[in-house]
Amino acid sequence: MARIPDSIRLPALKKATASVIFVHGLGDTGNGWKSIAELFRQNPKFSHVRWVLPHSPIQKVTANGGVEMPSWFDIQEFGLRGSEDQNGMLQSAMSLQQLITREIDEGIPSERIVLGGFSQGAVMSLLSGLTGERKLAGIVALSGWVPLRHQFAAMASTHAKRMPIFFGHGDQDPLIQREVSTSSIEILTSQLGVQRATEDSVIGLTYHVYRGLAHGLDESNELPDLIAWLGKVLPPVKETEEEVKQE
């Protein structure tokens, strides 16, 4: 059984009615995204959100000469030309599912949990979030890709096509080429049947390509887009209740 990962937990500033689990990339830890999580926490729109920043296990990475580092799965070759570490990916996906279970056990419904990440973390969020049995509030994938592409559609859950997904990518990313991002979008839309989100509905895929962005977070454009999207998928409970009454 996969072990629940160690995590940084940043409590909501008010009563927690939602959670964001954000998964770091290769060679990083949850600490690398703490400042961004704190930025969201200080925004009054997200005072009801708890942030969970898990740490990956330390393991050898083949593409880095076998050097041990924080990694959610092994990478055979940078540029994604080698075979994928399916066993490592699935094991980490199960550990993230346990993290989701803990949030549910502490009173946060799965429909109020967003799972997101950067690079390797984006891969794990797509895999765990779209193949898991629980319907989440949404998935965030920053500078990542859809893994296990030849079997991903068969692994996807029945609610995957209705999941809000924020997918951001830089057009100058030297590690995850634009073609990889494009093929990932093709898998989501053509194979899984995920529709594009609209101004009226956040359900489905919100896809942004950021000009001049390499492998990182664009705080000038991508971050405001993410803030706007997250505000739609995790509104305060009071607003949600009012909307239900109106319907």
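**Exercise 1. How many salt bridges does the count come to?**

Start with the source. This is a predicted model, where local features need pLDDT of at least 70, side-chain atom pairs count only at pLDDT 80 or more, and totals for chains, interfaces and linings use all residues. Residues are numbered from 1 along each chain as its sequence is written, and side-chain values use heavy atoms, with hydrogens and water left out.

Step 1: apply the rule. A salt bridge is a side-chain nitrogen of Lys or Arg within 4 Å of a carboxyl oxygen of Asp or Glu.

Step 2: read the total. The count comes to six salt bridges.

**Exercise 2. Trace the contact between Glu103 and Arg50.**

Step 1: the closest N and O atoms of this salt bridge are 2.7 Å apart.

Step 2: the pair links distant parts of the chain, with Glu103 in helix α2 (residues 86-105) and Arg50 in strand β3 (residues 49-54), 53 residues apart.

Step 3: both residues are buried.

Step 4: widen the view. Arg9, Arg50, Glu103 and Glu106 are linked in a network of salt bridges.

**Exercise 3. Describe how β4 and β5 pair.**

Step 1: strand β4 (residues 58-61) and strand β5 (residues 67-70) run antiparallel, joined over four bridges. Two strands pair if DSSP finds at least two bridges between them.

Step 2: find a partner. Ile58 bridges to Pro70 in β5.

Step 3: inspect the turn. Five residues lie between the strands of this hairpin, and Gly65 in the turn has a positive phi of about 70°.

**Exercise 4. Which residues have pLDDT under 50?**

Step 1: pLDDT is the predictor's confidence in each residue, from 0 to 100. The protein chain averages 93, and 95% of the residues score at least 70.

Step 2: pLDDT stays under 50 over residues 239-247. There the model has two contacts (heavy atoms within 4.5 Å) beyond four places in sequence.

Step 3: where pLDDT is low, the predicted coordinates should not be read in detail.

Note on methods: Helices (H or I, at least four residues) and strands (E, at least two) are DSSP runs, numbered from the N terminus. Buried means under 20% relative accessible area, exposed over 50%, partly exposed in between (1.4 Å probe, protein chains only).
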